[in-house]
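Subject: Structure for your review

Dear colleague,

Please find below the structure that I am handing over to you. My notes on it follow directly after.

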Protein chains: 2
Amino acid sequence: MDLQQQIRDMASGAKDASCILANTTTEKKNKALRIMAERLAAAQAYLTTENQKDLDAATRNGLSPVMIERLTLSEKTVEQICAGMLEIAALADPVGEVVRMWKRPNGLLVGRMRIPLGVIAVIYESRPNVTADAAALCLKSGNAVVLRGGSEAIFSNRAIAGVLSAACEDAGLPPSCIQLVSSTDRSAVLEMLQMEDLIDLVIPRGGEGLIRFVVAHSKIPVIKHYKGVCHIFIDSDADPAMATRICINAKTQRPGVCNAMETLLIHHEAAKAFLPELARALMDNGVEIRGCEETVRLVPQAVSAREEDWGTEYLDLILSVKVVKDIDDAMDHIRRYGSSHTESIITSSYRRAQRFLREVHSSAVLVNASTRFSDGYEFGLGAEIGISTSKLHAFGPMGLEELTTTKFIVYGDGQIRQ
Amino acid sequence: MDLQQQIRDMASGAKDASCILANTTTEKKNKALRIMAERLAAAQAYLTTENQKDLDAATRNGLSPVMIERLTLSEKTVEQICAGMLEIAALADPVGEVVRMWKRPNGLLVGRMRIPLGVIAVIYESRPNVTADAAALCLKSGNAVVLRGGSEAIFSNRAIAGVLSAACEDAGLPPSCIQLVSSTDRSAVLEMLQMEDLIDLVIPRGGEGLIRFVVAHSKIPVIKHYKGVCHIFIDSDADPAMATRICINAKTQRPGVCNAMETLLIHHEAAKAFLPELARALMDNGVEIRGCEETVRLVPQAVSAREEDWGTEYLDLILSVKVVKDIDDAMDHIRRYGSSHTESIITSSYRRAQRFLREVHSSAVLVNASTRFSDGYEFGLGAEIGISTSKLHAFGPMGLEELTTTKFIVYGDGQIRQ
């Protein structure tokens with residue numbers, strides 16, 4: 001059977017499953033999630049064996065230690081995956097919620113009810129835990145999922161998806177609620193991206209290259225973020241201790257993630273008052289500083305930033321630092337070089353805090369807090385399927401609600417239109 | 001200057017304008033809308049002259065009377081446009097609204113604040129009033145708009161857009177808040193659809209051909225509906241008088257619009273009880289009936305429906321009628337032939353009313369009311385920029401809120417991530 005037909009059959013099976021799943025009770029979906037967690041935990045030995053095949057290939061292919069670590073499905077990783085599923089089972093079901101209801105002058109009661117999107121394709125790289133996490137979130141929100149992981153994790157992904165799909169069946173749901181594209185050929189992705197009649201949403205997760213490839217070829221709506229060039233702006237009257245604590249957290253707590261700070265903007269008065277001490281504290285934590293002219297003057301150990309530094313997501317212990325005139329200068333810089341991901345202001349000024357919150361149009365805007373909080377769990381969404389830096393449908397961290405839409409429902413009593 | 005550069009400059013100007021508009025006060029936007037309405041009213045003579053050029057061309061090109069009627073910018077049409085703008089000025093401003101706010105265990109206050117989408121492209125056909133309506137809705141919701149109307153209305157559209165853009169300037173806003181692509185070449189549309197870096201959303205309004213063209217070529221998210229094949233299902237215990245009144249309204253009150261009923265599904269018991277009388281009432285109102293075998297048996301004047309009738313949007317006084325076994329049979333038919341637009345059930349059964357509302361996943365689902373209510377104004381959204389039958393971002397009639405998105409805002413007190 002050719003690849004196109006194979007993918008089409010899979011997507012078509014997902015569509016059928018999504019019709020059933022959309023009207024499945026919360027109780028039954030939660031039961032499925034619990035069975036999924038049990039089966040994964042019981043399949044530990046099998047998962048380890050399959051994962052070892054990927055790890056052997058990774059070693060043969062000379063993957064970096066970081067990549068190998070991401071790929072590893074340790075006993076602890078499996079435990080975390082199972083715990084995550086039980087947590088998702090415990091979350092409120094968004095489907096069927098009536099988010100608002102109002103009465104029209106003619107007596108009609110009009111409301112908006114949450115329903116699933118339908119079929120979601122998740123296209124990702126390396127981490128096999130995404131297979132399980134995405135499957136669980138899609139199932140809870142009533143969506144069928146077609147998963148397409150990277151070739152480097154193919155044995156692990158097949159093992160996980162196989163266990164989960166069988167668990168669905170045991171819970172009385174179609175096994176095609178959760179399917180994995182087993183071809184690792186990139187043309188399989190291309191085929192998926194054409195099926196706008198069967199797939200409702202594509203979520204790519206991985207490097208910028210993968211995401212740009214998906215966006216360039218998809219006929220289906222895509223929710224994505226390319227990168228996170230997150231800024232912190234230290235205002236003139238910021239508390240130096242708070243500013244230092246937040247900057248060290250935002251830059252060094254986990255530098256390889258998209259909500260880490262990449263550029264520090266500092267008001268010239270604050271720079272004069274404590275940039276040398278702040279830079280010292282950052283450097284003591286292993287951070288390399290690439291600064292504007294004024295920064296280099298105040299911090300001689302800093303290297304000069306080049307123009308391209310301002311738009312770079314380092315994902316590493318490197319920080320661009322720029323001394324700015326005022327909040328307007330800071331917001332101009334963010335508008336010019338930012339990625340619409342996350343920005344924070346450190347200030348004591350009520351007015352400037354409110355201005356920053358209102359006028360910066362990134363997906364998350366914070367006052368006096370670390371950019372590292374920009375995350376579905378930290379924001380209290382209960383889960384995270386990804387982050388969107390494009391504004392359509394969802395903007396910022398996406399939880400279960402963002403995997404639904406609302407339809408209008410109307411209770412009438414014989415009304416006709418005049 | 002070549003077309004591509006010309007469109008790019010226009011979109012780029014719109015992007016700059018959108019940054020200003022996004023942070024413009026409600027008062028200033030409302031003032032601009034009032035000035036726009038005044039100027040349009042004052043330009044009546046100029047608009048009539050320009051409109052006449054389009055009407056002359058339409059006559060020369062042998063356009064149908066219906067098309068010519070759509071194209072005509074009578075004094076009354078202009079009055080309605082101006083009244084519409086004042087109504088939009090009177091609506092609540094969605095921008096800046098905090099739709100929810102909650103507290104996290106670490107004390108962070110997390111909320112979602114509405115912000116504009118940015119730059120919206122509206123691509124439409126024939127009716128010049130869309131130029132004014134779309135411009136007003138985009139302005140109120142803080143978005144810059146790039147308009148591209150059909151060649152048949154080009155003189156009228158240029159005149160309206162010119163007046164509105166100048167009115168913006170007089171209100172202290174950039175004239176590039178409202179721009180019209182003056183080229184009527186289809187390649188101008190193709191160029192626009194590539195500019196994903198500058199345009200945030202495309203809304204096509206018009207025939208299915210135009211919409212399919214836009215979807216096939218757009219790199220930018222598109223919100224659209226292809227057609228409305230709306231169903232009414234008359235349940236076994238429906239009140240015959242109510243069912244008849246609603247069916248006549250849904251089919252005949254304005255047959256040429258997307259929320260008119262196109263297919264009637266009727267429970268076999270109700271069919272036996274009153275389909276002949278119902279059909280007679282419809283035929284008395286000029287409706288041609290294309291029925292299933294059972295319908296033709298009960299209503300000898302009906303012609304036999306062909307398979308393609310079930311998926312057809314007649315936009316005319318023609319109705320497909322099918323006798324069904326029960327609610328499941330009706331919902332199966334809707335799933336198979338429907339267009340996800342609007343469906344209504346006429347019933348006395350509490351349980352089946354609730355089932356229909358829950359299980360039919362069209363953008364609007366009604367109980368005991370005419371499908372003709374599926375409309376932004378009738379639902380109480382205060383306005384309508386279009387209707388979406390795809391689920392991403394908006395599903396169903398779209399008002400001002402649907403021209404916005406939400407960003408996360410966070411009030412902290414020095415919190416860092418553990």
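In chain B, strands E1(B) and E2 (residues 109-116) form an antiparallel pair held by 5 bridges. Please note that this is a predicted model. Within the pair, Lys103(B) has Leu109(B) of E2(B) opposite to it. The hairpin made by E1(B) and E2(B) has 5 residues between its strands, and Gly107(B) adopts a positive phi near 95° there. E1(B), which covers residues 98-103, lies largely in the open, because 0 of its 6 residues are buried.

Contact between the chains

Chain A contributes 56 residues to the contact, and chain B contributes 56 residues. On the side of chain A that touches chain B, at least two residues come from each of H1, E2 (109-116), H10 (240-252), H14 (350-359), E13 (364-369) and E16 (404-415) of chain A. The most is given by E16(A), with 11 residues. By residue class, this side of chain A comprises 26 nonpolar, 18 polar and 12 charged residues.

The domain assignment divides chain A into domain 1, with residues 3-224 + 394-410, and domain 2, with residues 230-373. The centres of these two domains of chain A, taken over C-alpha atoms, are 35 Å apart.

An open sheet of chain A is built from 4 strands with parallel pairing, in the order E5-E4-E3-E6. E5 (178-180) and E6 (201-205) of chain A each have a single partner strand and stand at the edges, so one side of each has no neighbour in the sheet. On average, and with direction ignored, neighbouring strands of this sheet are turned by 20° against each other.

Strand E4 (residues 144-148) of chain A runs parallel to E5(A) and is joined to it by 3 bridges. Val146(A) has Gln179(A) as its bridge partner in E5(A). Helix H1 (residues 3-22) of chain A packs on the sheet, where it touches E3 (119-124), E4 and E5 of chain A, and its direction makes about 150° with that of E4(A). Helix H7 (residues 154-170) of chain A also lies across E4 and E5 of chain A, and it runs at about 155° to E5(A).

The nonpolar core

Which residues touch the most other members of the largest nonpolar core? They are Val146(A) and Val146(B), in a core of 276 residues. Neighbours within four places in sequence aside, the contacts of Val146(B) include Met10(B), Ala11(B), Ala14(B), Val119(B), Ala121(B) and Gln179(B). Val181(B), Met192(B) and Ile199(B) are also among the contacts of Val146(B). As general background, nonpolar side chains in soluble globular proteins tend to be buried together.

A buried glutamate

Glu50(A) is located in helix H3 (residues 44-60) of chain A. Is Glu50(A) buried or exposed? Glu50(A) counts as buried because it has 22 C-beta neighbours inside 10 Å, where 20 or more are required. Residues up to four places away in sequence not counted, Glu50(A) touches Phe155(A), Ser156(A) and Ala159(A). Glu50(A) and Ala153(A) lie 103 residues apart along the chain, yet 9.4 Å separates their C-alpha atoms.

With kind regards

Technical notes
Residues numbered from 1 in each chain as written. Chains lettered and ligands numbered in written order. Predicted model: local features only at pLDDT ≥ 70, side-chain atom pairs only at ≥ 80, totals over all residues. Pairing = 2+ DSSP bridges. Axes fitted to C-alpha atoms, helices over the stretch in contact; angles between N-to-C directions. Contact = placed C-beta atoms within 7 Å. Domains from an automatic or database assignment. Core = buried A, V, L, I, M, F, W, Y, C linked by C-beta atoms within 7 Å. Buried ≥ 20, exposed ≤ 12 C-beta atoms within 10 Å, placed from the backbone. Nonpolar A, V, L, I, M, F, W, Y, C, P; charged D, E, K, R; others polar.
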